[in-house]
Amino acid sequence: MKRYISHNSINESLFISNIIPNGVEDIGSSAFANCSSLESITIPNSVKSIGSSAFANCSSLESITIPNSVEYIDDSAFDDCPLKTIYIDKDNKYAINYFKELGYKDNIKLIDNDVNESLSIPTDSSAADDYLYDMNYKKLVEERYDIIYSQLSENFIVSPKTNEKSIDLTEYFEGRERVNIIFKLTEDFEIKYKDEILNSDIIPNGVEKILKDTFVNIKQSIENINIPDSVDYISNDTFSNCSELKSIKLSEKLDNIPDRCFMNCIKLESIEIPDKVQTIGEYAFNNCKSLESITLSNNIYEIGVYAFDKCDKINEITIKEVIPNFKINDYIENHFKCYGYDIEIENA
């Protein structure tokens, strides 16, 4: 059955930010007209048409989101609305041209359909409040981050605009498939914050990959860094030569510490290797002169050459006991004993 929102079906006093339930195909004439408190609206991907005066005289409406499904918008649909930001699916040429002809060329921001789809409301929601789209969250994300999608590489590049504690981006990217989410600092960011200490929580949860050139021009600004558990890959050399780095929390999803990843981090004092890590690359912690404590699991089966060479202050190597009375694997024991280190077992 065709679903629609009709004239006078909306109680204007209920809305400041609103999302229409997924499944609605038509927004009828004057459906939201005169909703003076409505500040933002997200149209779901099911909507095909927006009728005459649908949002007319919504005197506080500044932000709207138009998906790829919209095929018709009446000329009077947004009359007397103080629109400042119009998010339009990048593939909806009709909507892009419609708002350009109305004089909103500078107010249009293109979004990716995969992201937009992941933020719609299920039609069978039994608790609407649990599924209401938080437009303030989406707006905050897009104010705080440059998010660029590359069709060629099928990657999202996420770059913070400010040196602040990160926002969790898990919900923002929910539903996307077969794409990587890569964290990267822009040149503008590096120039703007080159004399500041990098926020330890600058990397947002939801990011999956950190590449080798991510911090290349700002390494002396890193003292502490937390890598969220969404990250499953770090490239070679990512934190090498971070001479001020004192502590780092690694993602629990990592299964490898790559070559030279922390080489020459001369102030790093301790490191806890996540349980899933099986390999530690060549020179991974080479010349970490202040490194005193290493904690790792018994799952490691390969440690590259010189991985802990020139780490002369190491006085404690702890293996996590994954099962009672387990035996340290021969590879770990032989590797560290050749350096003269004693190994302790940490009880579970």
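Modeller: What follows starts with the overall setting, then goes to the helix and on to the loops.

This is a predicted model, where local features need pLDDT of at least 70 and side-chain atom pairs count only at pLDDT 80 or more, while totals for chains, interfaces and linings use all residues. Numbering runs from 1 along each chain as its sequence is written, and side-chain values use heavy atoms, with hydrogens and water left out.

Of its 348 residues, 50% are buried. Buried means under 20% relative accessible area, exposed over 50%, and partly exposed in between, with a 1.4 Å probe and protein chains only.

Now your helix. H1 covers residues 93-101, and its buried residues are Ala95, Ile96, Tyr98 and Phe99. Looking down the axis of H1, they fall within an arc of 160°, so they line one face; the arc is taken from the directions that run from the helix axis to the C-beta atoms. The general rule is handy here: an α-helix has 3.6 residues a turn, so residues three or four places apart point the same way. Turned away from the buried side of H1 is a face that carries the exposed Lys93 and Glu101.

What does the buried side of H1 pack against? Four strands: E6 (63-66), E7 (72-73), E8 (85-89) and E9 (108-111). After the helix comes Gly103, with a positive phi near 95°.

The largest one has 59 residues, with Phe285 and Phe308 having the most contacts inside it. Apart from that lies another core of 31 residues, and Tyr98 is among them, as are Ala31, Cys35 and Leu83. Tyr98 is also one of the buried residues of H1.

Some of the strands under the helix are joined to loops worth a stop. Most residues other than glycine have a negative phi. Asn57, however, has a positive phi near 60°. Asn57 is in the loop between E5 (49-50) and E6 and is partly exposed, at 37% relative accessible area. Asp80 is not a glycine either, yet its phi is positive, about 60°. Asp80 sits in the loop between E7 and E8 and is exposed, with a relative accessible area of 65%.

Ser59 ties these two loops together. It lies in the loop between E5 and E6 and is partly exposed, at 42% relative accessibility. Leaving out neighbours within four places in sequence, Ser59 contacts Cys35, Ser36, Asp80 and Pro82, where contact means heavy atoms within 4.5 Å.

Technical notes
A nonpolar core is a set of buried Ala, Val, Leu, Ile, Met, Phe, Trp, Tyr and Cys residues joined through side-chain atoms within 4.5 Å.
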